[in-house]
Amino acid sequence: MAAQSRLPLYLAAAYTLLALYGSLYPLSGWRDTGVDPFVFLGAGWPRYFTVFDIVANGLAYVPLGFLWATVFTPRLPAAVVFVLAALTGGFLSFGVEVAQNFLPSRVPSNLDLVCNTGGGLFGALAGLRWGRHLLDGGRLHAWRARRFLGGTDGDRGLVLLALWLLTQLNPETFLFGNGNLRSLLGLPAAFAFEAGQYFEMEMAIVAAHTLAVGLIAGRLARHRPALLACAAIGAALLVKSFALLVLMQGSHGLGWLTPGAGAGLLLGMALWIGALKLGPSQRQALAALALMFATALANLMPDNPYLKESLRVWQQGHFLNFNGLTRLVSSLWPFLALSWLMLARRSNERQHP
């Protein structure tokens with residue numbers, strides 16, 4: 001593995017963990033009903049299901065099979081790669097369905113198992129055909145090597161940036177409002193809502209987060225760091241708008257563009273432009289400080305009653321588990337980013353003492 005990129009492995013591991021969490025969300029209320037946990041295997045097909053359920057369950061496991069096939073390809077014969085990648089998806093789905101017997105909000109389904117396994121099989125075939133070409137040794141891999149920071153730090157940083165884009169799919173948070181642990185821990189807000197104070201805190205959080213992400217993206221770029229930073233932030237705004245349009249039934253597509261978010265975005269971009277004059281180590285330290293500031297403020301910030309009111313039109317439905325997943329990633333992302341910044345700094349110091 002030393003001569004090859006670890007990016008496929010990191011992507012496969014991250015996707016597996018995310019799929020596991022999303023399938024078992026909300027991970028509470030575990031109990032033993034006394035029912036045989038394997039009885040669903042011999043049951044008839046569910047009486048009520050939709051085309052959306054079948055397609056979504058199949059598609060969810062296609063990346064899983066694809067990524068694990070890509071990981072296994074450099075070491076093993078093609079037939080063995082296919083079997084291992086397919087079994088990875090099948091066993092994960094089987095384990096999840098068995099575990100759902102012990103969750104009150106989940107119902108194990110043999111149809112889900114079949115759809116998941118089928119998606120994993122299709123993904124494994126696609127991984128055999130295109131995985132290495134796309135991720136390890138092909139054109140995309142060569143492009144990644146030319147354009148982005150190399151080695152383990154670069155691989156982890158790209159996964160981190162992908163997770164950040166995933167957090168923008170959560171409609172429950174304001175723009176770049178990551179790091180709020182209160183919802184996970186069930187803690188009350190430190191302050192009551194007051195419009196002027198909320199505007200200032202939102203502006204400060206969005207500005208600090210914009211600054212941090214811009215600096216992190218710039219750290220990942222081998223050439224034209226400003227271009228990658230602008231592309232990452234622009235992509236996040238598009239993803240946020242798309243999520244609000246889809247999840248909230250075609251309304252509130254620009255609901256993220258509040259006065260505080262707009263002002264914070266402009267301020268953050270201005271601060272980021274000024275920070276480009278600093279050295280690499282200084283920019284990395286500034287990114288960490290900005291993240292810590294934004295995260296601390298996000299946990300002190302009161303809940304916005306207007307955001308809660310707008311979410312009344314949001315029918316989670318099929319997206320319930322996915323939204324639980326994005327909520328978790330949104331809460332933990334700043335801490336993952338801080339860990340990456342510290343590890344990347346240590347690596348840089350070893351290379352340039």
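Helix H2 (residues 51-72) packs against helix H3 (residues 78-99) at an angle of about 140°, and their axes lie 8 Å apart. That makes H2 oblique to H3: angles under 35 degrees count as roughly parallel, over 145 as roughly antiparallel, 65 to 115 as roughly perpendicular and the rest as oblique. Axes are lines fitted to C-alpha atoms, for helices over the stretch in contact, with angles running from 0 to 180 degrees between N-to-C directions. Helices are DSSP runs (H or I, at least four residues), numbered from the N terminus.

This is a predicted model: local features need pLDDT of at least 70, side-chain atom pairs count only at pLDDT 80 or more, and totals for chains, interfaces and linings use all residues. Residues are numbered from 1 along each chain as its sequence is written, and side-chain values use heavy atoms, with hydrogens and water left out.

Return to the H2 and H3 pair. Tyr 61, Leu 64, Gly 65, Trp 68, Ala 69 and Phe 72 in H2 meet residues of H3, including Val 81, Leu 84 and Leu 92. Contact means heavy atoms within 4.5 Å.

The largest nonpolar core has 61 residues. Such a core is a set of buried Ala, Val, Leu, Ile, Met, Phe, Trp, Tyr and Cys residues joined through side-chain atoms within 4.5 Å. Buried means under 20% relative accessible area, exposed over 50%, partly exposed in between (1.4 Å probe, protein chains only). Among the residues with the most contacts inside this core are Trp 164, Phe 176 and Trp 340. H8 gives the most to this core, with twelve residues. Apart from it lies another core, of 18 residues, among them Leu 24, Ala 69, Phe 72 and Ala 124.

Phe 176 is found in the loop between H6 and helix H7 (182-185). Leaving aside neighbours within four places in sequence, its contacts include Trp 164, His 209 and Leu 265. Phe 176 is buried, with a relative accessible area of 1%. Its phi is positive, about 60°, although Phe 176 is not a glycine. Most residues other than glycine have a negative phi.

Arg 224 also has a positive phi, near 50°. Arg 224 sits in the loop between H8 and H9. At 62% relative accessibility, Arg 224 counts as exposed.

Conventions. Helices (H or I, at least four residues) and strands (E, at least two) are DSSP runs, numbered from the N terminus.
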